[in-house]
Amino acid sequence: MKNRAFLPLIEQIFMIAVFAIIASVCIGCFSAARQISVKTEATDGAVILAQNTAEMLKKEKNLSEQSTVRYNKEFLPDTEGEYTVISTPLTEDDPFLGGADILVTYNGDQLFGLTVYWQEELPDEK
């Protein structure tokens, strides 16, 4: 008479192996989702910073040289911040049109770029 207790043991081992494979796939999916979430959060922050910088430049209407400002995760100016906003003035032939390129990086990776234009003030003629 053969021992039939070996068959349920193999079945249990097979079920544990399948469970382990499925669990590792799920952990991989959650890890990938977390990375996408972090990247999306950083990109959203970069868009907000670029938009705020563009609005500020359009209001001030003077950018004579390249400027660099760093921000932390709370979007407050910080010399050690993760976000870097670089504003570079555009050289245009039209004296009544000003513009700038805005580039936002996060820990050295370029996330978002924006070009903004504004109408320069006309000189007062008397």
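Is F75 buried, exposed or partly exposed? In this predicted model, F75 is partly exposed, with a relative accessible area of 32%. That value falls between the two cut-offs, because buried means under 20% and exposed means over 50%. F75 sits in the loop that joins β1 (67–71) to β2. Its backbone deserves a look too. F75 is not a glycine, yet its phi is positive, at about 65°.

N107 counts as exposed, because its relative accessibility is 53% and the cut-off for exposed is over 50%.

Now turn to the interior. In soluble globular proteins, nonpolar side chains tend to be buried together. Here the largest nonpolar core has 17 residues. Those touching the most other members are L57, Y83, V85, A100, I102, V104 and V116. Four elements each supply at least two residues of this core: α1 (6–60), β2 (83–89), β3 (97–106) and β4 (109–119). The largest share comes from α1, with six residues.

Leaving aside residues up to four places away in sequence, V85 touches L49, T53, S67, T68, V69, Y71, I102, L103 and V104. V85 is also one of the residues that touch the most other core members.

Next, follow β2 to T88, which lies in that strand. T88 is partly exposed, because its relative accessibility is 31%. Apart from residues up to four places away in sequence, its contacts are L63, Q66, G99, A100 and D101. A100 is itself among the core residues that touch the most other members.

T105 counts as buried, because its relative accessibility is 12% and the cut-off for buried is under 20%. With residues up to four places away in sequence left out, T105 touches E82, Y83, T84, Q110 and L111. One of these, Y83, is among the core residues that touch the most other members.

How values were computed
Residues are numbered from 1 along each chain as its sequence is written. This is a predicted model: local features need pLDDT of at least 70, side-chain atom pairs count only at pLDDT 80 or more; totals for chains, interfaces and linings use all residues. Side-chain values use heavy atoms; hydrogens and water are left out. A nonpolar core is a set of buried Ala, Val, Leu, Ile, Met, Phe, Trp, Tyr and Cys residues joined through side-chain atoms within 4.5 Å. Buried means under 20% relative accessible area, exposed over 50%, partly exposed in between (1.4 Å probe, protein chains only). Contact means heavy atoms within 4.5 Å.
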